Each structure stands twice: as C-alpha cells, then as structure tokens.
Amino acid sequence: MRDDLLDAQAAIDSGEAQFRIFSRRIRTWENESVETVIVGLNPQSGKKAVVARTKRPFPALISAEVGAIIGSFRSALDLLAASLARRR
C-alpha cells in the first residue's frame with residue numbers, strides 16, 4: 001500500500017475494531033433487555049403472533065458508538081479523497 005493511504009487505512013482499522021466491540025454490546029443488551037411474547041395464535045393456521053418487548057431502553061452509549069464508527073469511516077473517506085487530490 002502506498003504511504004499516502006496509510007492514514008485512511010488506519011481510520012478504517014479503527015472503525016472495524018470499534019464495530020466488533022459495538023456488536024458485542026448490542027448482543028449483550030439484546031440478551032438482557034429484549035423478550036419475545038406470544039400475543040396470539042390463529043387456530044386455523046397454527047401461526048403465532050409474536051411481539052418483542054424491551055425491559056429497558058436502548059443505552060445512549062450504543063448510539064454514541066454508532067456515531068463514532070460512522071465518523072471513523074467518514075474520516076477514512078476524507079483522507080482518501082485528500083490523498084488522491086494530492087496525487088493530481
């Protein structure tokens with residue numbers, strides 16, 4: 001990889017590392033905070049109506065992490081654009 005792209009790659013690597021942590025946090029919240037409840041049964045078809053309910057609200061930290069990950073990827077695109085512009 002050319003040296004002028006290393007900063008953009010580092011921003012991508014940072015976002016990917018954050019995404020792994022974010023995914024674990026989402027799974028943990030889902031396992032602890034979401035329950036499914038059968039609210040109805042159609043006797044003719046045997047199909048069940050299921051609703052997912054949350055026991056606690058979605059943590060603000062998770063929303064902030066989404067912003068950080070998106071910001072990291074946007075920074076990578078900015079760095080890439082700047083590098084390509086300098087080449088011209």
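Predicted model: local features only at pLDDT ≥ 70, side-chain atom pairs only at ≥ 80, totals over all residues.
1. Residues are numbered from 1 along each chain as its sequence is written, and side-chain values use heavy atoms, with hydrogens and water left out.

2. Start with the helix pair. Helix H1 covers residues 6-33 and helix H2 covers residues 60-87; they pack at an angle of about 160°, with their axes 8 Å apart. That makes H1 roughly antiparallel to H2 (the term is for angles over 145 degrees). The axes are lines fitted to C-alpha atoms over the stretch in contact, and angles run from 0 to 180 degrees between N-to-C directions. Helices here are DSSP runs of H or I with at least four residues, and strands are runs of E with at least two, numbered from the N terminus.

3. What is the handedness of the crossing where H1 passes H2? The crossing is left-handed, so the near helix is turned anticlockwise from the far one by less than a right angle. By class, the contact of H1 with H2 has 17 nonpolar, 5 polar and 4 charged residues.

4. Ser72 is worth a look in H2. Ser72 is buried, with a relative accessible area of 10% (buried means under 20%, exposed over 50%, partly exposed in between, with a 1.4 Å probe and protein chains only). Leaving aside neighbours within four places in sequence, Ser72 is in contact with Ala11, Ser14 and Gly15 (contact means heavy atoms within 4.5 Å).

5. Now try Ser33, in H1. Ser33 is buried too, at a relative accessible area of 0%. The Ser33 side chain makes a polar contact with the side chain of Arg56, at 2.5 Å (a pair of N or O atoms within 3.5 Å, where, within protein, one must be able to donate a hydrogen and the other to accept it, and residues adjacent in sequence count only if both atoms are side-chain atoms). Beyond four places in sequence, Ser33 is in contact with Arg53, Thr54, Lys55 and Arg56.

6. On to the strands: Val37 is in S1, residues 34-41, and Val51 is in S2, residues 48-54. Leaving aside neighbours within four places in sequence, Val37 is in contact with Ala49, Val50, Val51 and Arg53, while Val51 is in contact with Glu35, Thr36, Val37 and Val39. Val51 is partly exposed, with a relative accessible area of 35%.

Methods
Parallel < 35°, antiparallel > 145°, perpendicular 65-115°, else oblique. Nonpolar A, V, L, I, M, F, W, Y, C, P; charged D, E, K, R; others polar.
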